[in-house]
Amino acid sequence: MLVIISGPSGSGKGTVVKELDPEKGYALSISVTTRKPRKGEIDGRDYFFTTEEEFHKMRAENALLEHAVYVSNFYGTPRVYVEEQISKGKVVVLEIEVYGALQVQEKFPEAVLIFLLPPTITELERRLSGRGTEDPVTIEARLKKAMEEVPLIDSYNYLVINDDISAAVEKIDAIVQAERLRPKRCHEEISNFSSPQRSEEA
Ligand code: ADP
Ligand code: 5GP
């Protein structure tokens with residue numbers, strides 16, 4: 001299963017996604033970006049930090065499942081990791097912005113799209129400034145971007161309000177559990193009932 005989590009910068013996507021338990025099958029995709037690392041971010045853990053030249057090379061080699069520009073920086077999802085983890089039956093989580101999410105939805109119509117919002121816009125501003133990682137001009141650009149992203153929520157399958165972190169994680173777990181029960185994901189269980197064995201026994 002492919003799960004996409006989007007939402008305005010500062011809504012808490014990174015925080016919530018880090019709380020998803022790998023024991024429950026979650027595998028987090030690590031994106032490539034041309035953005036400079038923030039204090040505390042580690043290459044290969046938070047992102048693969050790269051140059052524009054290398055980013056465009058990856059794009060040209062079809063190594064990215066999707067890509068987008070976000071406030072003057074490029075971001076993309078490495079294709080191979082996602083494909084490998086899906087084939088292992090993992091719940092692959094992409095924490096990406098809306099235009100990338102729509103590209104993935106085109107390629108994988110069964111992807112589950114979750115939009116994360118904080119309870120209020122004031123709280124969004126508070127979280128974004130409180131994080132202390134961007135200057136005021138960048139914060140303003142990210143808030144403007146948020147206003148552009150929110151109307152695209154109609155293309156998403158679920159809305160989760162991130163008021164309390166554990167409650168938001170529980171909601172995502174519940175969505176994934178319910179999605180697992182869609183008949184289109186239960187081929188094995190259903191195939192037990194399409195075998196001719198029973199009528200032969202009778
Ligand atoms: P995003 O990845 O969406 O840009 P972050 O995960 O970096 O957002 O969160 C932005 C800020 O808000 C961080 O300082 C984080 O600690 C804080 N935060 C995240 N979720 C909550 C929450 N439910 N309640 C209060 N603060 C939160
Ligand atoms: P940040 O700079 O705050 O880490 O990320 C900025 C935005 O880029 C966020 O909305 C985040 O979800 C998004 N993003 C991160 N990685 C990717 C990616 O691989 N592809 C796309 N399309 N967006 C990404």
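Student: Which hand does the crossing of α5 and α6 have, left or right?

Tutor: This is a predicted model. In it, the crossing of α5 and α6 is right-handed. A crossing gets that name because the near helix is turned clockwise from the far one.

Student: What describes the packing of α5 and α6?

Tutor: Two values do: an angle and a distance. Helix α5 spans residues 121-131 and helix α6 spans residues 136-149. They pack at about 145 degrees, and their axes are 11 Å apart.

Student: Which residues make the contact?

Tutor: From α5 come I121, L124, E125, L128, S129 and R131. From α6 come I139, R142, L143, A146 and M147. They count as contacts because heavy atoms lie within 4.5 Å.

Student: What classes of residue does the contact of α5 with α6 have?

Tutor: Seven are nonpolar, one is polar and three are charged.

Student: Now ligand 1. How many residues surround it, and which are the closest?

Tutor: There are 14. The closest are G10, K13, G14, T15 and R131.

Student: What makes the pair between K13 and ligand 1 a polar contact?

Tutor: The cut-off for such a pair is 3.5 Å. A polar side-chain atom of K13 is 2.8 Å from an oxygen of ligand 1, so the pair qualifies. G10 uses a polar backbone atom, 2.8 Å from a ligand oxygen. The side chain of R127 has an N or O atom 3.3 Å from a nitrogen of ligand 1, so this pair passes too.

Student: How much of ligand 1 does the protein cover?

Tutor: On its own, ligand 1 has 570 Å² of accessible area, and the protein covers 75% of that.

Student: What surrounds ligand 2?

Tutor: 16 residues do, and S31, R35, Y47, Y75 and E97 are the closest.

Definitions and conventions. Residues are numbered from 1 along each chain as its sequence is written. Chains are lettered from A and ligands numbered from 1 in the order in which they are written. This is a predicted model: local features need pLDDT of at least 70, side-chain atom pairs count only at pLDDT 80 or more; totals for chains, interfaces and linings use all residues. Side-chain values use heavy atoms; hydrogens and water are left out. Axes are lines fitted to C-alpha atoms, for helices over the stretch in contact, and angles run from 0 to 180 degrees between N-to-C directions. Helices (H or I, at least four residues) and strands (E, at least two) are DSSP runs, numbered from the N terminus. Ala, Val, Leu, Ile, Met, Phe, Trp, Tyr, Cys and Pro count as nonpolar, Asp, Glu, Lys and Arg as charged, and the others, Gly among them, as polar. A residue is near a molecule or strand if one of its heavy atoms lies within 4 Å of it. A polar contact is a pair of N or O atoms within 3.5 Å; within protein, one must be able to donate a hydrogen and the other to accept it, and residues adjacent in sequence count only if both atoms are side-chain atoms. Accessible areas come from the Shrake-Rupley method with a 1.4 Å probe; for residues, only the protein chains shown count as cover.
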